[in-house]
Amino acid sequence: MTTMTDTADTATTATNATNAHFTDPLLGSNFKGYPRTQPPRLRSEVGAAGWNMLAGDLPLPLAMLKREALEHNLAWMQSRVREWGIDLAPHGKTSMSPQLFQRQLKAGAWGLTFATVTQLAVGVAAGARRTLIANQVVSDEDLAGIQMLLRATAGLRIVFLVDSLEQLGLIEDWARRHPASVPFEVMIEIGVEGARTGCRTHEQAVTLATRLRASDAVKLVGIETYEGQGATGVSEPDTAYANTLMDRVEAIARHCDTHKLFETDEVLVSAGGSAIFDLVAGRLKPALGSPVRGLLRSGCYVTHDHGFYQRMVSAVDERLGCQCGEGLRPAMEVWATVQSRPEPGLAILAVGKRDISFDLSMPVPIARAARGALEAQAVPAGWKITALNDQHAYLRWDASEEAEAPQVGDRVGLGISHPCTTFDKWHWMPIVENDYRVSDAVAMHF
């Protein structure tokens, strides 16, 4: 006879097995970048294998994380939000790595942000208990999925975004068909004309807030926006743009506070991509009648990059001046082999669109190592990746640098622009020391 205790024990065992799959999966040669000559290992055992990328212990192409830079970035961002008097709920979609989620939470993050319910479930399995979905939830499956997660996970909090009466109608319709469900916690999103989601006018947001307060299906707990789509990397226009947007956020927050539309003991106010996060950070705790928790959602800070975000955050560093000290460091590299020198001034690297991001700009050559060399060297300034195919990169250089041209069999390290779209091309990445000894590993679950 099966008892309730038996059922509970079975559920606990299944949950533990699921969590182990996310936090310590078995890695093997079915994952690209894992050596075919080595037996499968648990992720937690990779650091003890004695591998070194420059010694040829792992097949290329290979994406990897530099441990010292990674740890610096985690501490740097946590220090910034502490100075600003706000909290960090970093966007998990950047990496979708349970191991990086755990590092972010251990460093002091208040919670984690996701774009979808599927992503959020990975974060919950990794241990997140305060979560945001920085997106609208509209489908029956996703609404049911949120309720299922809430029932199954003690202490779990899930807050998602609303921006229309139509969306609220869908939520209420689902709730009527599921009377045992608990009210969904929601934040109103303030949007920008011509950009993505969010209320475009103050009047639209006020109307929505009033209806949310009257609904039994939801509880309004805060206001949210995303400023990243208007960022240019130039301080004067970026500052004006961010101030205008945050003025709108504050105005609707004050209206909701004055008219008792929030149903929470602590109002959440959230913004923050990874480009001009400093310009919104100081506006996340408006003076309201209730306590306010400001939540910054930057995600790409965890690895930073050698391209787009390096350019954008250089302006952040200038604005922060001596207050911030050393800024974020690129922590992700993708290494590849020179496989061909088919014509003068051109080398073909065995890496392509399936391995490395290209949506914002081409990868950047940052290091080289001759075949058999155990130390990486800087590359000439004229080296450039000019194009990518699925599995090939076109490396070109100035004619004056021909004496330093790469040779077939050489290894070339590439910096990336936009870490999100490199992470999603890999199932795992080694964490390496500065001499490229493998000391740990992370897994991704896209």
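The model is predicted, so I kept to its limits: local features need pLDDT of at least 70, side-chain atom pairs count only at pLDDT 80 or more, and totals for chains, interfaces and linings use all residues. Residues are numbered from 1 along each chain as its sequence is written, and side-chain values use heavy atoms, with hydrogens and water left out.

**Entry: α5 and α6**

I looked up the axes of α5 and helix α6 (residues 165-177), which come within 10 Å and cross at roughly 60 degrees. Axes are lines fitted to C-alpha atoms, for helices over the stretch in contact, and angles run from 0 to 180 degrees between N-to-C directions. Helices are DSSP runs (H or I, at least four residues), as are strands (E, at least two), numbered from the N terminus. The crossing of α5 past α6 is right-handed (near helix turned clockwise from the far one by less than a right angle; anticlockwise is left-handed). In contact (heavy atoms within 4.5 Å) are Asp 140, Leu 143, Ala 144 and Gln 147 of α5 with Leu 170, Ile 171, Trp 174 and Arg 177 of α6. I sorted these residues into five nonpolar, one polar and two charged. Nonpolar means Ala, Val, Leu, Ile, Met, Phe, Trp, Tyr, Cys and Pro, charged means Asp, Glu, Lys and Arg, and the others, Gly among them, are polar.

**Entry: α4 and α5**

I found helix α4 (residues 117-125) and helix α5 (residues 140-152) with axes that come within 10 Å and cross at roughly 15 degrees. They are therefore roughly parallel to each other, and their crossing is left-handed. Val 117, Leu 120 and Ala 121 of α4 meet Asp 142, Gly 145, Ile 146 and Leu 149 of α5. I recorded five nonpolar residues, one polar and one charged in this contact.

**Entry: α7 and α8**

I next took helix α7 (residues 202-214) and helix α8 (residues 235-258), whose axes come within 10 Å and cross at roughly 30 degrees. That makes α7 roughly parallel to α8. The crossing is right-handed. His 202, Ala 205, Val 206 and Ala 209 of α7 contact Ala 251, Ile 252, His 255 and Cys 256 of α8. I recorded six nonpolar, two polar and no charged residues here.

Methods. Angles under 35 degrees count as roughly parallel, over 145 as roughly antiparallel, 65 to 115 as roughly perpendicular and the rest as oblique.
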